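The points take up pockets, then a helix, then a sheet.

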Amino acid sequence: MQFFNHFLREQGVSNELRSLLYHIARAVKYINFSLRAGNTAKLTSQNVFGEEQLKLDVLADKIISQELEKSELAAIIASEEQQEPKKFPAPRGKFGISFDPLDGSSLVDANLAIGSIFGIWEGDKFLGTTGRKTMVASCYAVYGPRITLTIAVKGKGVHEFELTDVGEFVLTRDNIKINPDSKYFAPGNLRATCGNEKYLQLIQGWIKECRTLRYSGGMVPDLHHILSKGEGIFSYPRDEKHANGKLRLLFECAPFSLLFEEAEGASLNQDGQAVLDTEITDIHQCTTIFIGSKNEVKKAVDALK
Ligand code: P6P
């Protein structure tokens with residue numbers, strides 16, 4: 001059994017980054033406890049996207065923000081649930097952390113798996129850079145039958161850890177890789193087929209090829225399924241109301257894109273540009289995304305041209 005901290009040290013991950021990841025792991029533990037005991041009630045508040053907030057959304061955001069402040073390794077943090085990033089006064093750490101505290105929280109009342117997503121960037125700003133230039137690590141937690149934390153440190157592979165009943169994260173899978181082809185598909189934003197014949201034909205093609213559908217409506221478990229099986233494609237194109245799709249670049253797509261490229265998968269937007277090469281111009285900007293098995297991603301984006 002390999003503990004989280006020991007394994008990352010053996011991988012040559014720096015003390016500072018290991019310490020930051022340890023604080024993120026602690027936040028995941030506390031969020032899990034609150035989910036098991038928490039109130040799924042809706043608040044009267046909404047987030048910046050006009051989405052209703054659950055008490056759990058706000059609590060998860062608070063848990064993570066406090067944990068990152070305690071780490072003394074954050075220079076700036078940006079949450080999907082907050083309008084503006086929070087800068088810490090000097091002398092503070094050297095990392096920027098972007099996070100979606102509880103992605104898919106609307107699925108909680110259906111008792112489906114949800115997750116938290118984290119991007120770790122060097123420096124004290126997000127605007128004007130790209131994931132490829134300044135992101136050094138990313139990770140996500142899945143709150144399902146098992147509580148898992150999957151981590152990518154740039155150049156050091158993708159590794160999955162599971163929370164044990166005594167509160168330790170232990171290694172369950174190392175050096176996760178994604179095959180270039182797949183029999184699974186996760187077609188997001190099916191409403192877009194109403195105005196996009198090519199997207200309809202792409203999905204019909206997957207169905208005619210007798211592929212296996214795996215889509216829950218939660219980005220975190222849907223993408224975790226691809227990493228777990230080592231193959232798949234998740235698509236979320238634009239539609240008439242969302243010129244850049246609905247998923248957020250800084251909080252969701254850039255972190256997952258680092259993980260998937262580290263696992264030898266691909267992550268492109270609908271225009272064929274790598275999501276990691278998309279400049280951050282607004283912390284709440286959205287992006288279309290086709291992510292998963294390399295050959296499947298390329299074929300899907302080409303089919304929509
Ligand atoms: P749709 C959840 O609200 C979320 O942001 C992602 O987790 C998920 O992939 C997407 O929305 C689902 O969107 O349009 O299928 O409801």
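1. Three strands each supply at least two residues of the lining of the largest pocket: β2 (52–54), β5 (95–103) and β13 (233–236). Of the strands and helices, which are DSSP runs numbered from the N terminus (helices H or I, at least four residues; strands E, at least two), β5 gives the most to this lining, with three residues. The model is a predicted one, in which local features need pLDDT of at least 70 and side-chain atom pairs count only at pLDDT 80 or more, while totals for chains, interfaces and linings use all residues. Residues are numbered from 1 along each chain as its sequence is written, and side-chain values use heavy atoms, with hydrogens and water left out.

2. The largest pocket has a volume of about 600 Å³. A pocket is an open set of points on a 1 Å grid over the protein atoms alone, where a 1.4 Å probe fits, with protein on both sides within 12 Å along at least five of seven lines; lining residues have an atom within 4 Å of a point. The volume is the space filled by probe spheres set on the points, which are joined across faces, edges and corners.

3. Where does the largest pocket lie? Domain 1 (4–173) and domain 2 (184–304) both contribute to its lining, so the pocket lies between them; the domain bounds come from an automatic or database domain assignment. The lining has 32 residues, and Glu51, Gly104, Ser105, Ser106 and Lys246 lie nearest the centre. These lining residues divide into 10 nonpolar, nine polar and 13 charged. Here Ala, Val, Leu, Ile, Met, Phe, Trp, Tyr, Cys and Pro count as nonpolar, Asp, Glu, Lys and Arg as charged, and the others, Gly among them, as polar.

4. The second largest pocket has a volume of about 210 Å³. Its lining comprises 11 residues, with Arg36, Val108, Asn111, Leu112 and Tyr143 closest to the centre. Seven of the lining residues are nonpolar, three polar and one charged.

5. Among the buried residues are Asp222, His224 and His225. Gly230, which follows α6, has a positive phi, near 75 degrees.

6. An open sheet of eight strands has the order β4-β3-β5-β6-β7-β8-β9-β10, with mixed pairing (two strands pair if DSSP finds at least two bridges between them). Its edge strands, β4 (86–87) and β10 (169–173), each pair on one side only. Within the sheet, β8 (residues 147–153) and β9 (residues 158–163) run antiparallel and are joined by five bridges. Thr150 stands opposite Glu160 in β9.

Terms used. Buried means under 20% relative accessible area, exposed over 50%, partly exposed in between (1.4 Å probe, protein chains only).
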